[in-house]
Amino acid sequence: MKKRQVSLAVLTYDNKVLILKRVMNENDRNGGRWGFPGGGVEEGENPLEAVIRECEEEIGVRPVGLRKIGTDGRITWFKGKLPASPEECVRLNGEHDDWDMVGRDDLDDYDMIEGMKGLISYVVS
C-alpha cells in the first residue's frame, strides 16, 4: 500500500517557529506531541496547494512567502511566515489544542513528533 503524500509548513515570526500540539487521541500515535501545521495531499492537489489548505484549516492562516525547503519523497516541507503576530492570527480548529513559538534553545521543553526538532534547527538561525 502506497503511503499518503504529506505537506508540512515551518512558519516563522520574529525568528521563532510555530509549533502545534496535537489533541490526545488513542488512534493517533502522535497525539499530545508537538509538530507543524500540515497534512495529507488530496487527489488533484500539489504539495503547495495542500500545505496552504491545511494551514487555513488547522490554524486559520494563509502563510506568506512559502517556499519548498525539502522532500523525502513522501513528506514535502515548506518554509513561510505568519502574516501577523501569532496572537493576532492563529485560530486552532480542534485538531490541535495548543500552539507556541519556539527557537532552537526551547526544543528540549517539548515532546516533538519524530524528525521535527531537526527542521526547527535548520530553519531558525
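Predicted model: local features only at pLDDT ≥ 70, side-chain atom pairs only at ≥ 80, totals over all residues.
**Exercise 1. Cysteines**

*Solution.* 
Step 1. Set the cut-off: the two sulfur atoms must lie within 2.5 Å.
Step 2. Check Cys55. The nearest cysteine sulfur belongs to Cys89 and is 11 Å away.
Step 3. Check Cys89. Its nearest cysteine sulfur is that of Cys55, at 11 Å.
Step 4. Turn to accessibility. Buried means under 20% relative accessible area.

**Exercise 2. The largest pocket**

Describe the largest pocket: its volume, its lining and the elements that supply it.

*Solution.* 
Step 1. Start with the space. The largest pocket holds about 600 Å³.
Step 2. Look at the lining. It has 21 residues, and Val6, Leu8, Arg22, Asn30 and Arg74 are the closest to the centre.
Step 3. Sort the lining by class. There are 9 charged residues, 6 polar and 6 nonpolar.
Step 4. Name the elements. At least two lining residues come from each of strand S1 (6–13), strand S4 (38–40) and helix H1 (47–59). S4 gives the most, with 3 residues.

**Exercise 3. The nonpolar cores**

Which element supplies the largest share of the largest nonpolar core, and what does Leu82 touch?

*Solution.* 
Step 1. Take the core as a whole. It has 15 residues. Those with the most contacts inside it are Leu11, Leu18, Val51, Ile59, Leu66 and Leu82.
Step 2. Trace the sources. S1, strand S2 (16–22) and H1 each supply at least two core residues. The largest share is from H1, with 4 residues.
Step 3. Zoom in on Leu82. Leaving out residues up to four places away in sequence, its contacts include Leu11, Leu18, Ile59, Cys89 and Met101.
Step 4. Look elsewhere. A second, separate core has 14 residues, among them Val6, Phe36, Ile69 and Trp77.

**Exercise 4. A loop residue**

Locate Asp108, and decide whether Asp108 is buried or exposed.

*Solution.* 
Step 1. Find the place. Asp108 sits in the loop between strand S7 (96–102) and helix H3 (116–123).
Step 2. Apply the cut-off. Exposed means over 50% relative accessible area. Asp108 has 71%, so Asp108 is exposed.
Step 3. Gly94 is 14 residues from Asp108 along the chain, and their C-alpha atoms are 25 Å apart.

Conventions. Residues numbered from 1 in each chain as written. Heavy atoms only, no water. 1 Å grid on protein atoms, 1.4 Å probe; cavity = no way out; pocket = protein on both sides within 12 Å on 5 of 7 lines; lining within 4 Å. Points joined across faces, edges and corners; volume = space filled by probe spheres on them. Nonpolar A, V, L, I, M, F, W, Y, C, P; charged D, E, K, R; others polar. Core = buried A, V, L, I, M, F, W, Y, C linked by side-chain atoms within 4.5 Å. Buried < 20%, exposed > 50% of the residue type's maximum accessible area, 1.4 Å probe, protein only. Contact = heavy atoms within 4.5 Å.
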